[in-house]
Amino acid sequence: MPSPATLADQGSKALNSQNYAQAIDLYTQALQQTPESPDYYLKRSTAYQRSSNYSLALRDAELAVVLAHKRGKRELIGNAQLRRGISLLMEGKLGDAGFCFNEAEKKAANEKDKNLIGVWKSKLNMQLAKVDEDDVTREVTIKEIPDVKLPKTVAPVIETKKESNAVPQEAALPPPPPLPLISEGVITPPSKIRHEWYQTATHVVLTIYVKGVPKDKASVDIKEKSLSISFPLPSSNEFTFDLDPLYHPINATESTFSILSTKIEVKLLKQKPGQKWPDLEAPDTGEALEAPSSTTSPDAATISEQPKIDQPVYPTSSKSGPKDWDKLANELTARPKKKREDVDGKPAEGGDDGLEYDSDYEGGDPVNHFFKKLYKDADEDTRRAMMKSYVESNGTALSTNWNEVGKAPVETSPPDGMIAQKWTK
């Protein structure tokens, strides 16, 4: 049988390649030989967590906490508490997760560990914002060192010739329980599969949130006026997602898709950059809006052809539902309209919406104007927080809380499915 170090090295490679079932099996074999290795429990806990088996992930993390305390290694204790907190967060135990993150922060050995803990505390705060102050999930029900039974180290049994007066050797530990079956296909229930979309000036980005889609059995068919996605479900049925026709034609050859462990992401390249899509699919009439002809003024064509957009073009996780950010920006950069007529009897300026826009509004994107106004009217601490968070995160984060931002560098937080890379000439 390979040595524990060899098995752990193979397990690490399987974990990095997202082969979680194999990683769990390899770390289990390593633990059968060295059952008091906190590092192996941490790695197996990670594999369990990433395969959505949160109860077993928590069990291994708690064993790692106890074993790390037994060894008295500060950094190892911090890593184990962090992994324990992540497992609790995944199970929705927000108060317990926060307790573990605080314990991990006390043992953080370097700035990198502190930043990682900060990322998970931010995710926890996002979940806390969605529940009431007296919600039961906020309660702390655990203590620093969990009450778990440690595995016993047993000397290997030495085979001897059977003799009538031989003293029986110490019995070995019973074989470990069989590993839970982990589906190699889709593990998200069909009722839980959902999609979101947003658009930029050049692309429409569609994301279908589903775990475990087999790349070799999935089909993504992108055409100029349609999109079709399908993949098999464990029930032998097939999940399909069709858009036919698309709201506007796309450049099919330049559009791309990627099948990840937790989602399918499709990036559709617009034929006409800057053209807004009110929806993914054209109305039932089948009359998708085409790009304007070259003889028409672009500005005039855009105004005449686009209907009023009643829904947002960006996804949201707000409890109160989606938001129309363009409308919100207009409202934030405006103030209540004055009387309909001024002193000389002439109509006052302003639109029919009852709002009179700021005198310093110079046109363009109202959202940009809102943030400029926010920065202009902010105090010195808020300005410092906005500049520091925006620059250090490479434009992926914006904070107005100097008490939080001033404590440590702000990490780059790219959107899901994207990886931050340094610019090289």
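**Ground rules.** I am looking at a predicted model, where local features need pLDDT of at least 70, side-chain atom pairs count only at pLDDT 80 or more, and totals for chains, interfaces and linings use all residues. I count residues from 1 along each chain as its sequence is written, and side-chain values use heavy atoms, with hydrogens and water left out.

**Entry 1: aromatic pairs.** I looked for rings of Phe, Tyr and Trp (its six-membered ring) with centres within 6.5 Å; planes under 30 degrees apart count as stacked, over 60 as edge-to-face and the rest as tilted. The structure holds 2 such pairs. In one, Tyr-27 and Tyr-40 are tilted, at 6.3 Å centre to centre and 45 degrees between the planes. This pair links distant parts of the chain, 13 residues apart: Tyr-27 sits in helix H2 (residues 20–33) and Tyr-40 in helix H3 (residues 38–50). Helices here are DSSP runs of H or I with at least four residues, strands are runs of E with at least two, and numbering starts at the N terminus. Are the two tyrosines buried or exposed? Tyr-27 is buried at 1% relative accessibility, and Tyr-40 is buried at 14%.

I then turned to Phe-231 and Phe-239, whose ring centres are 4.9 Å apart with planes at 20 degrees, so this pair is stacked. Phe-231 has a relative accessible area of 0% and is buried; Phe-239 counts as buried too, at 18%.

**Entry 2: the sheet.** I found 3 strands in an open, antiparallel sheet, ordered S3-S4-S5. Two strands pair if DSSP finds at least two bridges between them. Which strands stand at the edges? They are S3 (219–222) and S5 (238–243), each with a single partner, so one side of each has no neighbour in the sheet. I counted 4 bridges joining S3 to S4 (residues 227–232), and I saw Ser-219 standing opposite Ser-230 in S4.

**Entry 3: a nonpolar patch.** Helices H10 (366–377) and H11 (380–392) each supply at least two of the patch residues. Leu-374 lies in H10 and is partly exposed, at 31%.

Terms used: Buried < 20%, exposed > 50% of the residue type's maximum accessible area, 1.4 Å probe, protein only.
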